[in-house]
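Colleague: I have just opened this entry and would like some orientation. Could we go through it together?

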Amino acid sequence: MRLKDLTGETFSRLTVIERAESAPNGNARWLCQCSCGRQVVVDSYRLRKGITKSCGCLRADVSRKNIFENPQTRKNMGRSDNLPLYQGTSVDRLKPNSRNRSGVIGVSFDRCSQKWVARLMYRGRLVLNQQFADMDDAIMARKQAEQRYVMPVLEEYAKSARIKMRT
């Protein structure tokens, strides 16, 4: 079967720039430019079948939209009796835990690209969404993002909790 050149074609938010290396399973892969500005390498099959539609920004946008359109969620937003909020951030959701298969939340293995993905959503924005060949590199990227975004909020929250306990 002859390879169809997808260069210049647009699939949802992705525009194909050029051919990339083949996937381990032999499928053609393409370097794509997302409408948000990021670039991502995607399997030809996933592009053509509409399985991959963006670099990951679409998932964040849909999640944000679903949260704000859900009446039950909107009703409970900002209620201090639901989750402790500090500076508009749910502190319980920021605390790292290990519920996924990699052992590190926000780090997972993408079978299609055969790479490890590190993600971090912070205040409704995807601040980390990168792929790595090595799991340790993905974990390091996630930990660095946590240090940059999450730890300052947790530290401030702990300080404010200590001050409240003294008074």
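Colleague: Which strands make up the open sheet of three strands, and in what order?

Modeller: This is a predicted model. In it, the three strands of the open sheet follow the order β7-β8-β9, and their pairing is antiparallel.

Colleague: Which strands stand at the edges?

Modeller: Those are β7 and β9. Each has a single partner strand, so one side of each has no neighbour in the sheet.

Colleague: By how many degrees are neighbouring strands turned against each other?

Modeller: The average for this sheet is 25 degrees, with direction ignored.

Colleague: And how many bridges join β8 to β9?

Modeller: Seven bridges join these two antiparallel strands. In one case, R119 has N129 in β9 as its bridge partner.

Colleague: Let me turn to the second largest pocket. How much space lies in it?

Modeller: The second largest pocket holds about 590 Å³ of space.

Colleague: Which residues lie nearest its centre?

Modeller: They are T52, S54, C55, R119 and Q131, out of 26 lining residues.

Colleague: What is the lining like by class?

Modeller: The lining of the second largest pocket has nine nonpolar residues, nine polar residues and eight charged residues.

Note on methods. Residues numbered from 1 in each chain as written. Predicted model: local features only at pLDDT ≥ 70, side-chain atom pairs only at ≥ 80, totals over all residues. Heavy atoms only, no water. 1 Å grid on protein atoms, 1.4 Å probe; cavity = no way out; pocket = protein on both sides within 12 Å on 5 of 7 lines; lining within 4 Å. Points joined across faces, edges and corners; volume = space filled by probe spheres on them. Nonpolar A, V, L, I, M, F, W, Y, C, P; charged D, E, K, R; others polar. Pairing = 2+ DSSP bridges. Helix = DSSP H or I, 4+ residues; strand = E, 2+ residues; numbered from the N terminus. Axes fitted to C-alpha atoms, helices over the stretch in contact; angles between N-to-C directions.
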